[in-house]
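Here are a few notes from my read-through, jotted down as numbered points. Have the structure open while you go through them.

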Amino acid sequence: MSEVYFAKVGASKHDERLPKKVKELFDKAGFAGLIGKNEYVALKAHFGEPGNTTFLRPQYMRQIVDKVKESGGKPFLTDANTLYTGQRSNAIDHLNAAYQHGFLPAVVDAPVIIADGLTGRDFVEVEVNLKHLKTIKYGTAAYHAHVIAAVSHFKCHMVGGIGGAIKNIGMGFGSRAGKQQMHSDVNPKVNDEKCIGCKTCLKWCPEDAITIVDGKALISQEKCIGCGECMISCPTKAINVRWDATSQSLQEKMAEYTYGILKDKMDKCFFFNFVLDVTPDCDCVPWSGAPIVPDVGIVASTDPVAIDQASADLVNQQRANIGSKVTKAMEPGEDKIHEVHNLTWDYQLKYGEKIGLGSRKYKIIEI
Ligand code: SF4
Ligand code: SF4
């Protein structure tokens, strides 16, 4: 059974402020002991697509940077480039997006290094020999770090169900080629009855895979890389996939990636999930939907499976927020995460446990 340290949201005096709780979690969870003198510590961030306002606040990251330095390590903030268009698909735009969102030395006191370089081609290939993938391709900066920590905004995800530690490491560190591997089973289809031929999806598609034929969008399955951009950009929700079938393989591949990235660092990794602003979609989208439940708190663990299981359980223990994407009243104990995108979110956890990434059994230790 893994240990998951938990600090509740909410404060009514100076001593209870959340940034202080981040440092206390770091101490109580014993993360300092994982860091050797002058070791490179990769703090895996998600800087948020410009337009999104619920990405992880840099002020929280600063607390972890301070603790890593105090522990003797050399921290840097990092993420890999995205597969799709947007403002994080190359290192220049990606760094500018990070700076725009406050991930600046003056705020976080650490440099930002894009893990897979200028164009997403700076990656290493590592053998995993698992069910879906023989090798994985991920950012060189993550490979060379001595310690890896995922600092994640926990939320729902339109393909993976949840976006927590496994998604942040597995999908997040994947190079462009790696992300394509993980998305390879996602084949979106257009519902002609809903398509109004507005061409919005054409503008978002990074592969020019969509054309308009007889006033309706048509997707070339040969060109499509399964990034899902068209689905989230379509104003009439005319594009969809067989979510559960594709989501299972994508989630399992994310777990394989996470396993491959961490396999030589199992005793050199740690995780924070901020279960705050639990939005229906990932921070990759340039907007922020209303949170589906009230803010919960912050969890910390050395087990990526346990921390994601605990975070999802904490979300589902809340009442649903009226007016969010959870359209019906849902009580504590009901699965609000499943309700948001109508997909099963725990394939990554079951499979992660099976391949030795961690345990779904956990003990909450509240600080
Ligand atoms: S964005 Fe949607 S409605 Fe517009 S052309 Fe594409 S599929 Fe059709
Ligand atoms: S068709 Fe959709 S899923 Fe396929 S590459 Fe284009 S935007 Fe991505």
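1. How many residues of domain 1 are in contact with domain 2, and how many of domain 2 with domain 1? This is a predicted model, and in it eleven residues of domain 1 meet eight of domain 2. On the domain 1 side of that contact, five residues are nonpolar, four are polar and two are charged.

2. As for where the domains sit in the chain, domain 1 comes in two pieces, 2-185 and 244-366, while domain 2 covers 189-240. Their centres, taken over C-alpha atoms, are 29 Å apart.

3. Next, have a look at ligand 2. It has 14 residues around it, and the closest are Cys205, Cys224, Cys227, Glu229 and Cys230. Sorted by type, the shell has ten nonpolar residues, two polar and two charged.

4. Now for the strands. β3 takes in residues 74-79 and is mostly covered, with five of its six residues buried. Strand β2 (residues 40-44) runs parallel to β3, and five bridges join the two. Within this pairing, Lys44 stands opposite Thr78 of β3. To get from β2 to β3 the chain passes through helix α2 (residues 58-70), making a right-handed β-α-β crossover.

5. β3 also pairs with strand β4 (residues 112-114), again in the parallel sense, over three bridges.

Definitions and conventions:
Residues are numbered from 1 along each chain as its sequence is written. Chains are lettered from A and ligands numbered from 1 in the order in which they are written. This is a predicted model: local features need pLDDT of at least 70, side-chain atom pairs count only at pLDDT 80 or more; totals for chains, interfaces and linings use all residues. A residue is near a molecule or strand if its C-beta atom, placed from the backbone, lies within 6 Å of it. Ala, Val, Leu, Ile, Met, Phe, Trp, Tyr, Cys and Pro count as nonpolar, Asp, Glu, Lys and Arg as charged, and the others, Gly among them, as polar. Domain bounds come from an automatic or database domain assignment. Two residues are in contact if their C-beta atoms, placed from the backbone, lie within 7 Å. A residue is buried if 20 or more other C-beta atoms lie within 10 Å of its own, exposed if 12 or fewer, and partly exposed in between; C-beta atoms are placed from the backbone. Helices (H or I, at least four residues) and strands (E, at least two) are DSSP runs, numbered from the N terminus. Two strands pair if DSSP finds at least two bridges between them. A crossover is right-handed if, with the strands pointing away from the viewer, the path from the first strand over the helix to the second runs clockwise.
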